[in-house]
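Have the sequence and the structure open as you read.

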Amino acid sequence: MNILIVDDEPRHLRGMAAMIREMRPDAQVATAKDGEAAVAIVRSGLPDVVLSDIQMPNMDGLAFLQLLEEEGLRTKVVMVSAYNLFEYAQTAIRHGAYDYLLKPVDAEKVEALLRRLEEQVAAETKERGESDSMKQRLRLASSAYRSRLLHLWLSGELPPDERTELEDWERLREADALVLTEFGPEDGECGHDYGSSFGRDAGCSSDGGFNSSPNPRHVPGCDPGSPGRDLDSTHGRNSSYNHASARDSDNLDGEQDERSFPLDTLTEQLSSAVAAFGEVCTFSLQVVPNQGMRLVTALRLGRPLSAKLEELRGALLALAERWRRRGIQASYGIGSITGGTANRQDGANIPGLYRQAQTALAYTFHAEWQGVASGEALDPPAESVFRLDGEQLFEALQEPTMAAAEAMCRGAFRELAAGGRADPKLMKDYASLTLIKIKSRTRDIVEQRIGSVLTQAAASELPACRSGEALVELLLRYLSEVHRSLAERKQGRSELAADHCLSWIQTHYREDVTLEMAAEQFHFNASYFSTLIKQRTGRSFSDHLTEARMRRAKELLAAGQLKIYEIAEQCGYRDTKYFTRMFKRQVGLSPENYKHMARPQAGKGDTP
């Protein structure tokens, strides 16, 4: 494994390099002192893994990560920083960071990280090898090869020298609307390798390409049916424009066994359902990892779809409901030309329609679309707002039940969803970042196993969720694990004493309270009691006492009834000057300035 370490501090750079070389003597380890030097190394020879600091001169770690993303330089980047900030983790994950380590790094965590990286790199190397050996097989399987060409053409990636091989699809170039249909598992499933449910027993290879098996492909709940058709014969009657018959070839509501529906039957069903809107052509696409089987239906309308969009949605919803009753789940994304027919005949608009349909299909993640979304309805995108405070969530997780934490999460993600117009990837990112922040906040409080579970869920399980409901449910499931672990820690006498001490502070902050007094009150050694409170809450006894006093001071200043020295005494300070210094340090304003600022605000409600 080739590893690049990036850090502007020579001591940290040497230490990390030495640790990696000791743990993995066979690894090729290179070093760079900043992001610019690291980019040059990555461009010249792509390493398997990059361990990068964040704060560096010339180009910091986040800018380096963003540049790799923009240039398509795909390597696994682990951010290493001494700063445990939510914003850093958020930016790093958004630009594709593999993981996030805090300095000083722990040898056990580095070892665990290297093991995970080695397993993933080995799996990807194997997959690339299998992909290379499959290329020749794809060319031998003419129908699969044609499907690959068609997929590349839809994506706008077909090389010019291969376009002549699609001459018999010429009329497809005249389409001005595309419907992308995906067959998937039960609604809301997360973390499932959907490719394994489709086609690996139906003429599809594990790397997403078709093999040379002659059997037609089928969707979940579908029986192989009549053997002996390859892709061309299965979909040949849909490979050029025609008005599909209103008759359903194998009526889903008829006498046929409810578990026996080959893909060509569903293809005909789909073509028939949309034939009323124009000339149709339906064909299947390659299966790729984490995707269900997909069909593309091209419509030649000769006019904008806008006027008939709701009718088309209704027809697709009705078809989806019929399929659902037979255990077949389907979602649709619609891409259409919003005005005019420019470039329709030369096919220049097809990649744009396909991208629009792909985006719309992704938005069926939201329940609001009921499984049918259109690119036209998603324009313009919504402004997303996420209001879930990590510290407040942590406090809610310490309550006896999950009710408050659950309400906070559901409310925040409901607002973020913006009625189904928020980017699903953004929602998944925020869900992952929420777990990362809770992991960081509870790192020294809950058992280490919980932290590892949260990291794994944030990295792989949450991003694999197929619906917003499933995403929130999975997030709450892992937060419940944290809640359970926190509750278990409260059971011991020491933990309960720490909680009681916090309540005791709230009623005795006016007195000359000291740590020794509190420890004696609860029958503990002062040094041990100080450590206990720090471990239990993440803050010192003095921090909690000061917070209680400052909270009360702000209340009294806002009321405006007492003088500064009187407020100081009410809050446990016998020295007014010391109180003033402490207040300014904590709040950022002097008591007098805070008093003048707070009083007009408090009186606004009385002004007509």
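A residue is called buried when its relative accessible area is under 20%. Keep that cut-off in mind, and keep in mind too that this is a predicted model.

**A strand enclosed on both faces**

Let's begin with strand S7, which covers residues 279-284. Which residues point which way from S7? Glu279, Cys281 and Phe283 point one way, while Val280, Thr282 and Ser284 point the other way, and all are buried. Because 6 of the 6 residues of S7 are buried, the strand is largely enclosed by the rest of the structure. Its partner is strand S8 (residues 293-300), which runs antiparallel to S7 and is joined to it by 6 bridges. One of the pairings to look for links Ser284 with Leu295 in S8.

**Two aspartates**

Next, have a look at Asp53, which sits in strand S3 (residues 49-53). An unreviewed UniProt entry places the feature "modified residue: 4-aspartylphosphate" at Asp53. Is Asp53 buried or exposed? Asp53 counts as buried because its relative accessibility is 5%, and the cut-off is under 20%. Leaving aside residues up to four places away in sequence, Asp53 touches Val6, Asp7, Asp8, Gly61, Met79, Val80, Ser81 and Lys103.

Asp429 belongs to helix H13. Asp429 is buried as well, with a relative accessible area of 9%. Not counting residues up to four places away in sequence, Asp429 touches Ile93 and Arg94.

| Residue | Element | Relative accessible area |
|---|---|---|
| Asp53 | strand S3 | 5% |
| Asp429 | helix H13 | 9% |

In soluble globular proteins, nonpolar side chains tend to be buried together. Here the largest nonpolar core has 38 residues, and those touching the most other members are Leu393, Leu397, Phe413, Met427, Leu435, Ile438 and Leu479. Which helices each supply at least two residues of this core? They are H11 (390-397), H12 (403-417), H13 (424-441), H14 (448-461) and H15 (468-489). H15 gives the largest share, 9 residues.

Beyond residues up to four places away in sequence, Ile438 touches Gly390, Leu393, Phe394, Leu397, Leu454, Leu479 and Val482. There is also a second, separate core of 25 residues, with Val179, Leu301, Ala320 and Trp323 among them.

Conventions
Residues are numbered from 1 along each chain as its sequence is written. This is a predicted model: local features need pLDDT of at least 70, side-chain atom pairs count only at pLDDT 80 or more; totals for chains, interfaces and linings use all residues. Side-chain values use heavy atoms; hydrogens and water are left out. UniProt positions are given in the numbering used here, feature names are shortened, and annotations may be inferred rather than shown by experiment. Helices (H or I, at least four residues) and strands (E, at least two) are DSSP runs, numbered from the N terminus. Buried means under 20% relative accessible area, exposed over 50%, partly exposed in between (1.4 Å probe, protein chains only). Contact means heavy atoms within 4.5 Å. Two strands pair if DSSP finds at least two bridges between them. A nonpolar core is a set of buried Ala, Val, Leu, Ile, Met, Phe, Trp, Tyr and Cys residues joined through side-chain atoms within 4.5 Å.
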